[in-house]
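Open the structure in your viewer and keep the selection panel at hand. The tour below says what to select at each stop.

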Amino acid sequence: MAGIKGAAKIAEGSEADIYESRMLGAPAIIKYRRRKPYLISEIEDEIRVQRNKAEALNMNSALAAGVRVPKILLFTAHSIFMAKITGVQMARMAHENKNCKSAAKDSGKMLALLHAHGIAHGDYTPANIIVDDRGRAWVIDFGLSQRTNSEEDKAFDLLLFKRAVSRGCYEAFINSYSENYQAAKKILKRLSDIERRGRYQSRTIAQA
């Protein structure tokens with residue numbers, strides 16, 4: 001990544017580094033899955049390639065389903081180059097006590113579209129939602145996403161969002177989700193089951 005002209009690292013996760021640059025004359029974000037030297041190189045490289053491929057495929061599937069996601073500009077074995085979304089992180093809005101109900105409502109619709117098309121995000125929190133200057137929610141970071149019809153996986157997306165926002169924002173979110181997803185009642189029932197048994201009380205969420 002050091003060889004890419006103008007690329008500046010802006011974030012670092014457990015598996016990937018995030019860079020900001022320009023591509024085709026416009027601001028771009030680059031997600032680079034770096035090597036882990038403590039793993040066997042052949043196995044580790046295959047894991048990087050497969051995870052990168054899965055993330056790109058799920059992003060494109062989400063886009064086709066009508067979900068607002070960054071457009072992929074270029075895809076390589078270990079990197080995804082995508083258009084930069086200009087806006088404010090929803091988590092920042094919540095932290096600054098700004099009214100997030102409108103963004104939460106749109107976020108609920110985006111998640112409903114994902115779930116209706118068999119995609120669980122895996123890390124659906126306000127930190128992974130960008131709100132643009134028109135108040136629209138954009139979903140980012142599909143590093144933990146997967147193709148699935150599991151009610152448990154989908155309910156986990158709801159649980160993550162619920163724990164991260166105020167009651168008012170969650171109500172706006174879940175009402176919109178329910179209005180836009182035919183199977184919402186089943187997922188909400190599974191969410192209630194999860195909360196009753198406390199399965200995820202100590203679950204650690206890995207950052208891609």
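Start with the largest pocket, whose lining takes at least three residues from each of domain 1 (8-83) and domain 2 (88-206). Those bounds come from an automatic or database domain assignment. The model is predicted: local features need pLDDT of at least 70, side-chain atom pairs count only at pLDDT 80 or more, and totals for chains, interfaces and linings use all residues. Residues are numbered from 1 along each chain as its sequence is written, and side-chain values use heavy atoms, with hydrogens and water left out.

**Stop 1**

Select Ile 10, Ile 18, Ile 29, Asn 128 and Ile 140. Of the 28 lining residues, these are the closest to the centre of the largest pocket. Its volume is about 700 Å³, taken as the space filled by probe spheres set on grid points joined across faces, edges and corners. A pocket here is an open set of points on a 1 Å grid over the protein atoms alone, where a 1.4 Å probe fits, with protein on both sides within 12 Å along at least five of seven lines; lining residues have an atom within 4 Å of a point.

Now colour strand 1 (8-12), strand 2 (16-23), strand 3 (26-33), helix 1 (41-64), strand 5 (79-83) and strand 6 (88-89). Each supplies at least two lining residues. Helices (H or I, at least four residues) and strands (E, at least two) are DSSP runs, numbered from the N terminus. By class, the lining holds 16 nonpolar, six polar and six charged residues. Ala, Val, Leu, Ile, Met, Phe, Trp, Tyr, Cys and Pro count as nonpolar, Asp, Glu, Lys and Arg as charged, the others, Gly among them, as polar.

**Stop 2: helices 4 and 6**

Select residues 151-164 and 184-197. The axes of helix 4 and helix 6 come within 8 Å and cross at roughly 70°. Axes are lines fitted to C-alpha atoms, for helices over the stretch in contact (heavy atoms within 4.5 Å); angles run from 0 to 180 degrees between N-to-C directions. The two helices are therefore roughly perpendicular (65 to 115 degrees). Their contact has seven nonpolar, no polar and eight charged residues.

**Stop 3: helix 5**

Helix 5 packs against helix 4 at about 155°, axes 9 Å apart. That pair is therefore roughly antiparallel (over 145 degrees).

How values were computed. Angles under 35 degrees count as roughly parallel, over 145 as roughly antiparallel, 65 to 115 as roughly perpendicular and the rest as oblique.
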